[in-house]
Amino acid sequence: MDNGDIESADEEFPGRIGGRKYRPVVANDRIVLEMSSMDPGSSSPASETFSDLQASLNRKIKAGTEATANTDLKEESLPTHGQANGPQGESKLELFGFDSLVNILGLRSMTGEPIPAPSSPRDGEDVAITNGQPKRADLKLGTLMGVFVPCLQSILGIIYYIRFSWIVGMAGIGESLLLVSFCGLCTFLTGISLSAIATNGAMKGGGPYYLIGRALGPEVGVSIGLCFFLGNAVAGALYVLGAVETFLKAVPAAGIFRETITNVNVTAVGPVESPSSHDLQIYGIVVTIILCFIVFGGVKIINRVAPAFLIPVLFSLFCIFIGIFLARKDKPAIGVTGLSSETFKENWSPGYQNTNDAGVPDPEGSVYWNFHGLVGLFFPAVTGIMAGSNRSASLKDTQRSIPIGTLAATLTTTAMYLVSVLLFGALATRKKLLADRLLIATVAWPFPAIIYIGIILSTLGAALQSLTGAPRLLAAIANDEILPILNYFKVADGNAPSWRPRWKFHHWSLSLLGASLCIVIMFLISWSFTIVALALVSLIYYYVSIKGKAGDWGDGFKSAYFQLALRSLRSLGASQVHPKNWYPIPLVFCRPWGKLPENVPCHPKLADFANCMKKKGRGMSIFFSILDGDYHELAEEAKAACKQLGTYIDYKRCEGVAEIVVAPSMSEGFRGIVQTMGLGNLKPNIVVMRYPEIWRRENLTEIPATFVGIINDCIVANKAVVIVKGLDEWPNEYQRQYGTIDLYWIVRDGGLMLLLSQLLLTKESFESCKIQVFCIAEEDSDAEGLKTDVKKFLYDLRMQAEVIVITMKSWDRQVEGGSQQDESLEAFTGAQHRITRYLTEMKATAERERTPLMADGKPVVVNEQQVEKFLYTTLKLNSTILRYSRMAAVVLVSLPAPPVNHPAYFYMEYMDLLVENVPRLLMVRGYRRDVVTLFT
């Protein structure tokens with residue numbers, strides 16, 4: 001049973017009890033209840049009864065059997081309830097379906113076994129459950145080690161150690177406080193939004209990708225997730241290089257190679273030894289391999305190693321603050337004043353100035369610093385709040401740990417930064433703050449080496465978090481099977497009404513403010529890289545939307561689209577749409593007659609024709625089919641057929657929806673559809689179906705009454721009708737047509753026939769064709785006036801077409817000769833004989849039963865003169881079509897309404913005569929309104 005079918009769970013069980021369907025529990029069911037692990041020690045009567053039931057089930061359901069993932073078992077293939085479970089196997093829970101809550105909510109089964117959830121919540125995805133020995137659950141983390149510590153390790157980085165005192169000296173205390181508050185507010189608001197999304201439901205692995213993807217859709221999730229993965233991967237490499245460079249500066253003798261450069265200092269210029277790039281590469285590879293082995297060890301090893309990285313960092317911070325309080329004037333170095341109010345006042349205002357590329361003050365330096373530049377420099381020091389959510393799959397309680405751990409780490413580090421600004425601003429002169437890149441090492445107690453250790457371990461800890469989160473993020477994207485190209489990285493998994501986050505301190509305005517701050521900070525850091533990043537995200541989004549596997553995750557965009565659709569529907573109202581805004585909304589009858597393979601739910605050319613009725617292929621079509629029978633018996637079959645039809649529509653790239661209706665007969669089903677389908681002004685306005693060319697060949701005598709009934713229902717419901725004859729010959733999008741599109745415009749149809757011809761011209765198949773409009777005049781004297789009026793009308797409609805007026809005296813029985821007339825006469829003679837025979841049989845039946853003339857169970861009135869008149873009319877029209885339009889790409893002709901109280905058989909004979917020998921023809925009947933207008 002799919003996730004979306006919980007409400008119909010009681011209809012899926014083939015065993016019948018009391019007129020309803022139930023499915024017995026059998027050994028190969030998808031979800032098998034095992035109760036052997038429940039505690040039977042309770043002495044209550046209820047528990048004794050439950051123990052008996054448990055023992056009965058354990059005898060019937062053997063452990064170790066694999067549960068099949070396919071629940072669509074045939075009713076005939078399943079044993080009856082009694083055969084499967086026996087008398088003792090029945091349970092009151094069977095009414096609700098044994099696997100409903102267990103499967104849908106992802107709860108543990110009665111045995112306490114973990115039931116793996118599907119890798120992505122797409123419809124139709126089944127989950128294989130193995131009911132053998134319970135799989136040992138992986139180690140789960142709490143708030144402290146699972147979220148707070150990873151976030152703290154990622155946030156506390158090298159910027160604080162080697163650049164923070166420099167930032168205070170450049171921006172001053174006042175603007176440094178503003179800088180920290182501005183960046184901290186951005187991450188805090190992001191953390192609040194993260195908390196709201198993370199507590200809105202059960203969360204699996206994937207961290208920010210899972211959160212963003214389920215909130216905004218797979219396209220946005222994959223776009224941001226892949227960029228986030230690349231960012232984590234690159235950040236891991238940069239963290240490793242930072243640790244190696246600090247190590248080589250602290251221990252120069254460890255370098256294998258030597259490289260000497262000239263570095264400008266505040267007081268002097270001299271050669272300063274710097275680590276060689278070759279040393280950085282060699283040591284960087286070694287450190288990366290070591291970290292990879294730690295990551296390969298899993299969560300257990302990471303938990304053991306993480307304190308070894310974090311505790312020395314915290315101890316180094318403790319030493320820094322102790323050293324700040326112990327510092328005195330010019331101790332431990334010149335320029336250090338100790339905590340002084342005078343120094344605080346001097347450093348309050350900003351001191352922006354030029355520096356060289358290394359950040360050393362230089363009046364002739366090429367870099368001038370301002371607040372914008374410092375935002376770009378400092379902002380990475382407050383990032384890293386996603387480190388906890390990256391490990392969401394390893395958390396005991398994501399809904400509790402992620403909000404508390406993330407916000408606690410954000411507030412802790414922001415508070416430490418704010419306190420550090422005040423202390424650094426009062427500790428040393430501005431010159432010392434700008435000149436000494438490692439001022440914190442200078443003042444640290446008891447010696448500077450502790451700071452080097454803190455820098456190395458803090459960067460290695462951040463690198464460890466990046467290497468831990470990045471592959472998990474990529475694996476989560478691959479497991480959702482959105483992009484087939486990522487399948488190599490798969491890992492086996494063991495504002496709508498649904499928006500109900502547990503985190504209550506949230507409002508949409510906070511998310512909007514946080515997003516705005518993020519965009520502002522991005523452009524402050526670097527407008528060029530911001531554009532590159534946005535372009536990359538847009539490119540991935542477009543690729544996923546085109547090549548990705550579709551998935552409905554109930555994301556925010558779908559909710560927004562739904563709300564927008566409701567608002568637009570209300571704004572359209574119930575009044576008629578103006579002709580300028582009229583769009584065809586076809587109601588396509590997929591399989592009314594004709595034989596198709598069982599796995600083809602709709603004629604392929606019918607889908608191609610539906611696309612031809614929409615400008616540039618855009619618009620909505622409703623494809624429907626009718627199943628004859630009882631709804632309660634065929635409900636599941638109808639669901640499967642609807643899913644199959646929807647898949648076929650997507651395959652044919654038709655913008656539309658599928659509907660399957662179960663009704664006692666085709667006529668009743670269509671009558672219900674034509675009355676109820678659609679909402680407001682979004683109801684279908686054109687019924688499209690295939691002409692029943694097979695009815696006489698297959699001797700399907702019930703088709704005439706059904707066909708005529710459908711046309712009459714469309715007339716009563718005020719729906720236009722388009723009937724396609726020669727559907728098998730209809731061209732697809734790659735078959736270019738030449739010649740003409742001929743319109744036999746006999747009756748006023750609101751311009752529908754003209755509009756359809758213009759829509760056909762917009763398709764590549766017909767764009768090389770020209771339009772010819774044939775008008776029928778009964779008298780020669782009317783021809784010129786009619787031609788002038790039609791030309792003027794087409795000119796006002798901005799339509800280019802050649803107008804041809806034909807005089808056809810319908811009641812003249814004399815023929816003019818010619819092959820076309822001979823073909824029409826042959827068909828005409830055959831129709832006459834069949835109608836005469838049918839009328840004779842009707843009269844004989846009425847005389848024998850002493851009843852009025854009856855046809856299709858209804859009384860009819862037959863005017864034989866009128867019947868001949870109709871036959872002659874269709875004879876002349878068919879002869880005219882064959883004479884002028886035999887080579888046309890497609891012919892459009894007005895569809896006459898079925899005469900009242902006329903046998904349906906007669907009407908079918910008229911239509912057969914009309915379409916005889918015409919290879920490709922559309923019969924069009926408009927409805928009581930205009931679909932084109934002359935006015936702007």
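A crossing is called left-handed if the near helix is turned anticlockwise from the far one by less than a right angle, and right-handed if clockwise. Helices here are DSSP runs (H or I, at least four residues), numbered from the N terminus.

My model is a predicted one, where local features need pLDDT of at least 70, side-chain atom pairs count only at pLDDT 80 or more, and totals for chains, interfaces and linings use all residues. Residues are numbered from 1 along each chain as its sequence is written, and side-chain values use heavy atoms, with hydrogens and water left out.

**Entry 1: α9 and α16.** I found that α9 (residues 277-296) passes α16 (residues 449-479) in a right-handed crossing. Which residues of α9 make the contact? They are Val287, Leu291, Ile294 and Val295, and on α16 they meet Leu460, Ala463, Leu464, Leu467 and Thr468 (contact means heavy atoms within 4.5 Å).

**Entry 2: α8 and α9.** I then turned to α8 (residues 218-250), whose crossing with α9 is also right-handed. From α8, I noted Val240, Leu241, Val244, Glu245, Phe247 and Leu248. Their partners in α9 include Val287 and Leu291, two residues that also take part in the contact with α16.

**Entry 3: α12.** Last, I checked α12 (residues 371-378), where Leu374, Val375, Gly376, Leu377 and Phe378 are buried (under 20% relative accessible area, 1.4 Å probe, protein chains only). Among what covers these buried residues I listed α5 (158-162), α6 (164-198), α13 (398-427) and α17 (508-525). At the start of α12, a side-chain oxygen of asparagine 370 comes to within 3.2 Å of the backbone nitrogen of histidine 372.

How values were computed. Axes are lines fitted to C-alpha atoms, for helices over the stretch in contact, and angles run from 0 to 180 degrees between N-to-C directions. Buried means under 20% relative accessible area, exposed over 50%, partly exposed in between (1.4 Å probe, protein chains only). A polar contact is a pair of N or O atoms within 3.5 Å; within protein, one must be able to donate a hydrogen and the other to accept it, and residues adjacent in sequence count only if both atoms are side-chain atoms.
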